[in-house]
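Please read it with the sequence and the structure in view.

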Amino acid sequence: MALIADPDEDLVRRVGQGDPAAIQAMVARKLPRMLALARRMLGDPVEAEDVAQEAMLRAWRQAPRWTPGKARFDTWLHRVALNLCYDRLRRRREIATDSPPDRPDEGAAPDRGLLAADVGARVETALTRLPDRQREAIVLCHYQELTNIEAAALMEVSVEALESLLSRGRRALRLALADMRPDAEGA
C-alpha cells in the first residue's frame with residue numbers, strides 16, 4: 001500500500017505534541033471549512049457550530065495517535081464532521097411531532113433589498129430539501145471543493161455513483177430554483 005502524502009502531517013504532529021501555535025493554526029485552517037460543511041448539511045447555524053466544534057475537539061484528541069500515510073487528515077476530519085451531521089439528522093427524524101417547528105424567516109430583510117441574500121437563502125433551502133446523499137455529494141464537491149475522487153472515497157462510493165448523485169442533485173436544484181432563471185416568466 002502506497003503512503004498518502006498529507007499536507008497537514010507536520011501540523012497534526014505538532015498538535016499531538018501540544019504545541020499551542022499548531023493548535024491555533026489547525027483551528028484557523030480547518031474550523032471554517034467544518035462550519036461551512038455542517039451548516040450546509042444541517043441548515044441550522046447553531047447546530048453547525050456544535051458539530052464543527054465537536055469535530056475540532058475530536059481532531060485535537062486524535063492528533064497524538066494519528067498515523068501519517070494511511071489517509072489524509074483533512075479527509076478523516078471531513079468524515080468525522082459528516083458523521084456528526086448524520087447523527088443529528090437521524091435524531092431530527094426520530095422526534096415525532098404533530099406540526100413542524102416554527103422557523104424564523106431567513107430571507108433578506110425587506111429594508112435592505114439584498115437580492116444576493118435572498119438568492120443565497122433560496123439555494124440553502126433547496127439544498128436542505130435534497131436527499132441526504134445528494135446533498136452530501138454537492139456540498140463536498142461544490143462547497144468544500146473536494147475532487148470527485150476524494151468525495152467518492154469519503155462517501156465510500158464509486159466515482160460513477162458520486163457523479164450520479166451529483167447529477168440528480170443538480171437536476172433537483174435546477175427544478176427547485178427554475179423560477180430564478182433570467183429567462184423564467186416574471187423574472
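In this predicted model, the side chains of Asp-8 and Lys-30 meet in a salt bridge, with 2.7 Å from N to O. Because Asp-8 lies in the segment before H1 and Lys-30 in helix H2, this pair ties together parts that are 22 residues apart in sequence. Both Asp-8 and Lys-30 are buried.

**Other salt bridges**
- Glu-124 and Arg-39 also meet through their side chains in a salt bridge, at 3.8 Å from N to O, and this pair links distant parts of the chain, since Glu-124 is in helix H5 and Arg-39 in helix H2, 85 residues apart.
- Glu-124 counts as buried because its relative accessibility is 19%, whereas Arg-39, at 34%, counts as partly exposed.
- Within helix H6, Glu-136 and Arg-133 lie three residues apart, about one turn of the helix, and their closest N and O atoms are 3.3 Å apart in a salt bridge.
- Salt bridges that share partners join Asp-8, Arg-29, Lys-30 and Asp-74 into one network.
- The count of salt bridges comes to 17.

**Nonpolar core**
- The largest nonpolar core has 45 residues, and among those that touch the most other members are Met-26, Phe-73 and Leu-140.
- Helix H4 supplies the largest share of this core, nine residues.
- Phe-73 touches Asp-6, Asp-8, Val-12, Met-26, Ala-59 and Trp-66, when residues up to four places away in sequence are not counted.

Definitions and conventions:
Residues numbered from 1 in each chain as written. Predicted model: local features only at pLDDT ≥ 70, side-chain atom pairs only at ≥ 80, totals over all residues. Heavy atoms only, no water. Core = buried A, V, L, I, M, F, W, Y, C linked by side-chain atoms within 4.5 Å. Buried < 20%, exposed > 50% of the residue type's maximum accessible area, 1.4 Å probe, protein only. Helix = DSSP H or I, 4+ residues; strand = E, 2+ residues; numbered from the N terminus. Contact = heavy atoms within 4.5 Å. Salt bridge = Lys/Arg side-chain N within 4 Å of Asp/Glu carboxyl O.
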